[in-house]
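I opened the notebook to go through this structure piece by piece.

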Amino acid sequence: MQKLEQINTYVKKQMKKGKIPGFALVIAMDHSIIYSNGFGYADKEHSTKVTASTLFELGSNSKAYTAAGIYLLEEKGLLRTSDPVSKYIPWLKLKYKGKYKNAAYDDYVDITLEQLLHHTSGISSQMIGYIPETTKDDALEQTVRLLLDHNLDFYPGQKFEYATLNYDVLALVIESVTKMSFERFIKDSLLVPLGLHHTYFGVEKPHLDEMATGYKMRFFRPTAYDAPIYRGNTAAGYIITDADDLGKWMLVQFRGNELANESPILNAIHKTHLPNRQVPPSIEGASYAGGWEIIQNGGGELQHGGNNPNYSSYILLRPETGLGIGVMSNINTSYIKGIALGIESILDNETVAKISSDHLADIDKMMSLVILFLLTLIGATTVALSRMMYQLLRGKRRLMHNGRKSVYKLFYFVLVLGGFMYIIYQMPNVFFEQMPWSAVSVWGPATIIPAVIMLLVVEVLFSAYILLTHFFPMEGERLYFQLTTVGLLTGLGNASVIFIINEKLNQADNRSSFDWFLYFIMAVAVYVIGSKFVQANLITLTNNVVYKKRSVLIDKLLHASYHKFEELDRGAIHTALNNDTAAISELPRMLLNGVTCLVTVLFCFIYLGAKNVFGLLLAIGVILLAAGLYRYIGQQANVFWNRNRDTQETFFGFINDLVHGMKELNLHQNKRESFRQDIMESCENNRSTNVQGSLKFVNVFVIGELLFTFVLGTIVFGFPYMFANVTNDILQNYVLVILYMVGPVHGILNFIPSIMQLQVIWKRLERFEEHISSMDAEKAHVNIGVNDAMPISIALRNVEYSYTDENGETFHLGPINFTFNQGELIFITGGNGSGKSTLAKIITGLYVPTKGEVVVNGQPVSQDMLGEYFSVIFSDYHLFDKLYGINEAAIDEKLERSMKLLQIDHKVKVTDRRFSTTKLSSGQRKRLAMLVSMLEDKPVSLFDEWAAEQDPEFRQFFYQEMLMRFKNSGKCIIAITHDDRFFSLADKILKLERGGMVAIDEFGFVAHC
């Protein structure tokens, strides 16, 4: 009694785990039925409970009835099991083509009834998928005639291969011998004499009120399913019975096992228990008899399972001890056998074996998740296509093709698309034991066909999207959706590798090895091609982002107010335009690796979840813990990486000092060594902050390694105690998948610090951009064009300018009231720090006056427009190696003449607007700058201490000849100079002292203004 309660508890627990709607159990001990009970629901929708009279399909346990019928005919002398089947079905001639006794064989062969009974006929197991759906009277002959179109898999009698059609052929033999239907013969000759009044046949199913509703898995739960009726397969799988009749049938087996029975029926039953010893037993040690597997365990054990699309059963018998266990359910699940063996262990006082997960339920979980993923993809692709069609209608997209090359690309694309469709079509050969799709839809979970249809829809939609974007491109298009989708498929391909390997290792049949290998190659190809596609496009996309970011920064810098630009640290500019933007170009590699690793891990999660959800949660928990640690440490590391960016900017400043101050450093050892100490200190700070930031992740990386080791240890040593349904097969699958995930998970975890470093860089770039955005030159006034025909007069009206230097000292210039007229030569002079350079920058528009205004011909002008009137050579000028902003006509007309005038025609050549060299003496470089000024030909020229580095002869030539030529040509010439011996040449002289203006009259006396 206690054991029965334990069995009840055990059954209910396993039903819940296996999601079994209804379950019938019969137990016999000492050759008597001691327990018969129903569990769960015969019909969940109507809450109909399973009872002892609830009917179930027996599946392949029907074969024992058919075998008994054959042996009964033999007992009556109507046939012999050693006879060839052609004796009773003359038209059934089957051919074998292959090796037999080390020789090639290609001919028709005889198959005996005995070989059909023992599944050694050579008929293929895959033939079950081609059984016709029909209830007609000739259904059995239709089914058997299918064999005429197929060769045998092996020579009859060579080996064992379970094939359900063997028993359909035997049923047709019964009909041929008895001249009655199989159902009528079995009922009259077997069922009625044995008192099995509640045992029926599949064709009667629609009329049976006590019939349990069949179920199959659909979206994680059992769903009612009305399977087709295969009348032609009744003898092999479609006998129907209830718990009461199943118990009687089990007791009959005990009686039939007794020797010296006088009853032909019991003698026939006895013969069904005689195993075939002519072929080796299975791995489990079982030999096949007549509808039973015989295991030599103690006094011998009979067992057999039965599975139909929506029913399953299992019978286990020990004739010597009289122990029998019969179970039936209204769903096709491998849990049924596990439950029966578990009950046997309870009755034997042994440890109950853990039940492996149900293969069909695993497929349903996988397909359900795939459907959810594909639905999302279909929706996103549909939106993307709709947007694209709208753009086509609006004319934003234009057809672009290049003749044959486009045709070749289209052909190649269609070829690849067709190849993938063919691979999808061939999926049953690999994943569903070579069944046709029609059989897969019946035998498999209800989610398989929708998943495949959605996969084809996604393939067509996404292919259309790729073709349209290729042949109808849009300028500036960013293919984020396309890249994301291909990235997901790349990760799926990577994850499929381990899925294919795992599933192949779980298969005992090697006949489909080549098909598995093809799918393995396909998964690798998807990963490789997808990676190349994503990486190539990401490189282009990211470099476009870098280009645009640099373009924005350059534009903002070029349009910045000069006086604010001067405040910028040069190191910050170098870092932003060079290192920071270059660092972002690493984003494609990191994104590709990160996304691929992430998708790989996600699909591995799906696979793990299909095996054991608790193991999935453990793996996710550990990875989230590791990612959280990386995030937490990353926030601490950001402090050091921000400091690292600061030290890098400082280091770039030292590089500028090194390049521009090499003369001074090379002259004095003390200065050189002191400078070296500073620049090396900057290097050390840069190294130290980078090391400190990276070291933060070393500890967490080690912790991550330990966490994965902990996961593996928990799976191997902890799962067997934590979860009752975990078997060694599941553990091996888990360990293999976890080990495969180590690389992708580390890729994700390493991606975190990399992306956080990029985040630091990006934020600093954004701050730098915001800073320079606030530096735009003021444009409060209306611009006026430069009219060369109008005389230019530039007037400073009460101009003042103030600024505070880095030491906190304030300098003030002005007020200045002065007019610069075209056709005048004006000298500006004054001591160091008097404000000459500051005034020059105000005149030319580089500085905006704090007070007052600068007007041209009486009209205010904008700061940037004021510079258009000037050609300027500052004392700290920069000489570009190319002639920018000068039209070709000016170059052609003036270049040669101007170079001869400046006496540099023998030093420098100009080709394609570019100087052949700028590596000249200081004086010659200034002459090149003068050449640029002359070619620019602006109304006003300003020269800041230009003659300071010229030899005496050319200095005199500059003042007495060149300036006079410029003046006589109608230009306004402003020269900042200390050469007082040439002051007499000036029309006006403006002298500055400590920011104030003093005037010098024609006699050289100072008069305050």
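Predicted model: local features only at pLDDT ≥ 70, side-chain atom pairs only at ≥ 80, totals over all residues.

**Entry 1: a strand pair at a sheet edge**

I started with strand E19, residues 851–856, which is joined to E20 by two bridges. The two strands run antiparallel. Looking across from Val855, I found Pro860 of E20 opposite. I then traced the whole sheet. It is open, has four strands and is ordered E17-E16-E19-E20, with antiparallel pairing. Which strands stand at the edges? I found E17 (810–821) and E20 (859–860) there. Each has a single partner strand, so one side of each lacks a neighbour in the sheet.

**Entry 2: a hairpin**

I went to strands E8 (residues 215–218) and E9 (residues 221–224). They pair in the antiparallel sense, over four bridges. Met217 faces Pro222 of E9. Two residues sit between the strands of this hairpin, and I noted that Phe219 has a positive phi near 55°.

**Entry 3: the chain overall**

I stepped back for the totals. The protein chain carries 29 helices and 28 strands. Of its 1009 residues, 50% are buried. I looked at contacts between residues at least 6 apart in sequence, and 74% of them join residues at least 24 apart. The chain exposes about 48400 Å², with carbon and sulfur atoms supplying 56% of that area.

**Entry 4: helix H2**

I checked the length of H2 against expectation. At 1.5 Å a residue, its 13 residues should span 18 Å. The end C-alpha atoms are 18 Å apart, which agrees. Next I looked at cover. H2 is mostly covered, with 12 of its 13 residues buried. The buried set includes Lys63 and Glu74 as well as Ile70, Leu72 and Leu73. After the helix comes Gly77, with a positive phi near 80°.

**Entry 5: helix H28**

I ran the length check again on H28, residues 922–936. Its 15 residues should span 21 Å at 1.5 Å a residue, and the distance between the end C-alpha atoms is 21 Å, in agreement. How many of the 15 residues of H28 are buried? I found 11, so the helix is largely enclosed by the rest of the structure. Among the buried ones are Lys926, Arg927, Leu928, Met930 and Met934. Just after H28, Asp937 takes a positive phi of about 55°.

**Entry 6: aromatic rings**

I described each ring pair by the distance of the centres and the angle of the planes. The count of aromatic pairs came to 25. I looked up Tyr65 with Trp249, which are stacked at 3.9 Å centre to centre, with 10° between the planes. Tyr65 belongs to helix H2 (residues 63–75) and Trp249 to helix H8 (residues 243–256), so this pair ties together parts 184 residues apart in sequence. Both Tyr65 and Trp249 are buried.

I then turned to Tyr96 and Tyr155. Their ring centres are 5.9 Å apart and their planes stand at 80°, so the pair is edge-to-face. Tyr96 is in strand E5 (residues 94–100), and Tyr155 is in the loop between H4 and H5. The pair links distant parts of the chain, 59 residues apart. Tyr96 and Tyr155 are both buried.

I also followed one aromatic cluster. Its members include Phe827, Phe943, Trp946, Tyr959 and Phe983.

**Entry 7: two single residues**

I looked up Glu161, in the loop between helix H4 (139–145) and helix H5 (165–178).

Last, I looked up Ser345 in helix H10, residues 335–347. Its relative accessibility is 10%, so Ser345 also counts as buried. Leaving out residues up to four places away in sequence, I found that Ser345 touches Glu350, Thr351 and Val352.

Terms used
Residues numbered from 1 in each chain as written. Heavy atoms only, no water. Buried < 20%, exposed > 50% of the residue type's maximum accessible area, 1.4 Å probe, protein only. Contact = heavy atoms within 4.5 Å. Areas by Shrake-Rupley, 256 points an atom, 1.4 Å probe, with all protein chains shown as cover. Pairing = 2+ DSSP bridges. Expected span 1.5 Å × (residues − 1). Phe/Tyr/Trp six-rings, centres within 6.5 Å; stacked < 30°, edge-to-face > 60°.
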